[in-house]
Amino acid sequence: MSVKTPSRLEKVLAGGHMAVTSECGPPRGSDPEPIKKKADMIKDHVDAINITDNQTSVTRLCSLASCIHIKLMGVEPILQMVTRDRNRIALQSDILGAASFDIFNILCLSGDHQNFGDCAQGQNVHDLDSMQLLQAVRHMRDEGKFLGGDEIKRPPQMFAGAAANPFADPFEIRAPRLAKKIAAGAEFIQTQCIFNLDKFERWMEEVRQRGLHEQVAILAGITPFKSAGMAKFMAKRVPGMDIPDEVVKRMSDTPKEKQPEEGIKIAIESIQRLKEVEGVRGFHVMAIEWEEKVPEIVEQSGLYPRPELS
Amino acid sequence: MIVADKKPIEEIIGYVQDANRILILGCNECVTVCEAGGKKEVGVLASALRMHFLQQGREVKVDERTLERQCDHEYLEEIRDIADQYDAIVSLACGVGIQFTAEKYHSRPVYPGVDTCFLGVTEERGVWTERCQACGKCVLAETGAVCPVSRCAKRLLNGPCGGSTNGKCELNPELPCAWQLIIDRLTALNRLDEYEKLMPIKDWSTDRAGGPRKVVREDVQS
């Protein structure tokens with residue numbers, strides 16, 4: 001299969017391998033060591049690492065600088081970029097900045113509302129939405145032009161991704177929403193954390209019915225629970241999250257000291273089941289502030305070693 | 001209509017505490033309908049101010065007047081003869097009326113008596129909600145006549161974010177998700193397939209991004 005960018009992630013997928021990505025959140029300060037340490041823990045077990053962009057609208061060291069730090073370590077970054085904080089000038093400018101460091105992957109997002117973060121009184125921008133950002137990335141890469149029409153010298157070469165939440169409402173547009181992101185230019189998809197496997201499999205069925213799985217590489221989102229408390233919190237408080245009662249119960253019924261182990265076990269079981277689902281092309285393992293567990297999850301799910309690319 | 005809300009009385013007192021002759025100027029249009037700046041509210045505010053100055057032992061004249069509109073020259077002219085008598089005018093019109101009054105009576109201090117909130121509707125008595133942000137380029141034809149610019153917290157033009165839950169916005173469980181409303185409308189119109197049409201990057205130059213806006217209609221200028 002031919003590739004359009006130098007992205008390692010794209011090559012892994014084009015080679016027919018199950019891809020593995022993970023993500024790291026930058027620190028709330030200017031010391032780059034925490035992000036480098038996290039990346040170092042997982043770099044041998046994943047193909048690329050997402051760096052979040054002021055996630056939950058809490059101000060942090062920027063995604064672009066963090067991506068550069070890990071790129072310089074030889075790790076492949078996926079630049080997360082939200083449309084909340086930048087207009088089209090800043091978005092294009094940051095894309096070029098990333099491209100100047102040979103960052104070859106981008107994940108286009110709208111971003112959490114600022115109301116949830118540390119600047120609730122701030123403005124949001126949303127000059128573009130996530131689908132329009134995808135279009136912008138593809139336009140810059142494929143046409144070699146700015147949105148304004150002028151030519152870009154050395155256009156960015158980025159493998160373009162988007163997020164999908166198979167559990168989000170409105171129900172009627174679960175598959176159409178994915179189709180629209182593909183039409184906008186998405187080449188890979190990282191899904192919301194999957195805990196309701198039955199529902200995810202039903203979504204994949206709809207996706208396959210429309211042949212969407214052949215047009216985009218879907219990486220299933222996996223998050224291990226650290227504790228029963230985390231499961232309960234996510235079930236109740238995190239918007240767009242679908243955690244069945246029996247999963248919360250399984251965590252709660254486990255003695256406290258065994259809960260982290262149980263959480264990992266659930267994650268591994270999920271990956272093993274979803275590997276068999278036609279159209280799942282890999283996994284996005286989001287171990288929130290628990291990056292040290294990523295290698296164990298990847299190994300025990302049979303996803304290690306990662307493919308060597310020439 | 002333009003929806004406004006009353007300012008706290010303490011704030012208004014802060015503006016006019018040194019004045020001796022105050023005109024409370026209401027407006028008979030939108031702010032009357034949303035019960036923030038009509039004749040009734042002019043009376044209530046004037047009484048409250050009189051009470052305040054009485055308690056302060058100060059003799060302050062507080063007059064009341066409500067105009068048909070404060071956004072048209074002809075109605076604002078109605079106070080031409082009396083405006084100079086006052087050392088403070090508190091306008092209970094929207095931000096538009098407040099400014100137009102100030103433009104017309106350049107040497108009189110004019111203060112806002114309301115906070116202007118949005119373009120909206122009376123959903124029920126005492127509840128007003130937003131419907132339009134006057135972006136200058138209407139997209140309602142594409143969105144089943146539900147506006148994502150004013151009703152989606154992220155003004156997303158191509159569908160809901162991942163936070164839409166049971167028809168509600170992630171910001172507030174009482175706030176309807178604009179995109180749920182759009183999908184419901186498109187479904188009712190049997191036009192749901194139109195959802196997949198990509199809405200192009202919007203020209204925001206007709207929004208506030210392009211600077212203060214102006215509509216010139218030569219056909220009605222004559």
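In this predicted model, the largest nonpolar core comprises 85 residues, of which Ile49(A), Ile106(A), Cys108(A), Val137(A) and Ile189(A) touch the most other members. Helix 5 of chain A gives the most to this core, contributing six residues. Another core, of 35 residues, lies apart from the largest one and includes Ala19(B), Leu25(B), Leu67(B) and Ile89(B).

The contact between the two chains takes 27 residues from chain A and 27 residues from chain B. On the side of chain A that touches chain B, helix 5 (130-143) and helix 6 (174-184) each supply at least two residues. Helix 6 of chain A provides the largest share of that side, namely six residues. By class, the side of chain A that touches chain B consists of 12 nonpolar, nine polar and six charged residues.

Chain B contains eight helices and nine strands. Its radius of gyration is 22 Å, whereas the globule rule gives 17 Å for 222 residues; chain B is therefore more spread out than a compact globule. Along the principal axes, the C-alpha atoms of chain B fill a box of roughly 70 × 45 × 25 Å. Buried residues make up 36% of the 222 residues of chain B. Among the contacts in chain B with a separation of 6 or more, 57% are accounted for by residues 24 or more positions apart.

In helix 5 of chain B, which covers residues 95-104, Gly97(B), Ile98(B), Phe100(B) and Thr101(B) are buried. An α-helix has 3.6 residues a turn, so residues three or four places apart point the same way. The buried residues of helix 5 of chain B pack against strand 2 (21-27), helix 4 (73-76), strand 4 (88-91) and strand 5 (110-112) of chain B.

Leu186(B) belongs to helix 7 (residues 178-188) of chain B. Leu186(B) counts as buried because it has 20 C-beta neighbours inside 10 Å. Leaving aside neighbours within four places in sequence, the contacts of Leu186(B) are Gly144(B), Arg191(B), Leu192(B), Glu194(B) and Tyr195(B). Between Leu186(B) and Ala36(B), the separation is 150 residues in sequence and 36 Å in space, C-alpha to C-alpha.

Terms used. Residues numbered from 1 in each chain as written. Chains lettered and ligands numbered in written order. Predicted model: local features only at pLDDT ≥ 70, side-chain atom pairs only at ≥ 80, totals over all residues. Helix = DSSP H or I, 4+ residues; strand = E, 2+ residues; numbered from the N terminus. Rg over C-alpha atoms; globule rule 2.2 N^0.38 Å. Buried ≥ 20, exposed ≤ 12 C-beta atoms within 10 Å, placed from the backbone. Contact = placed C-beta atoms within 7 Å. Nonpolar A, V, L, I, M, F, W, Y, C, P; charged D, E, K, R; others polar. Core = buried A, V, L, I, M, F, W, Y, C linked by C-beta atoms within 7 Å.
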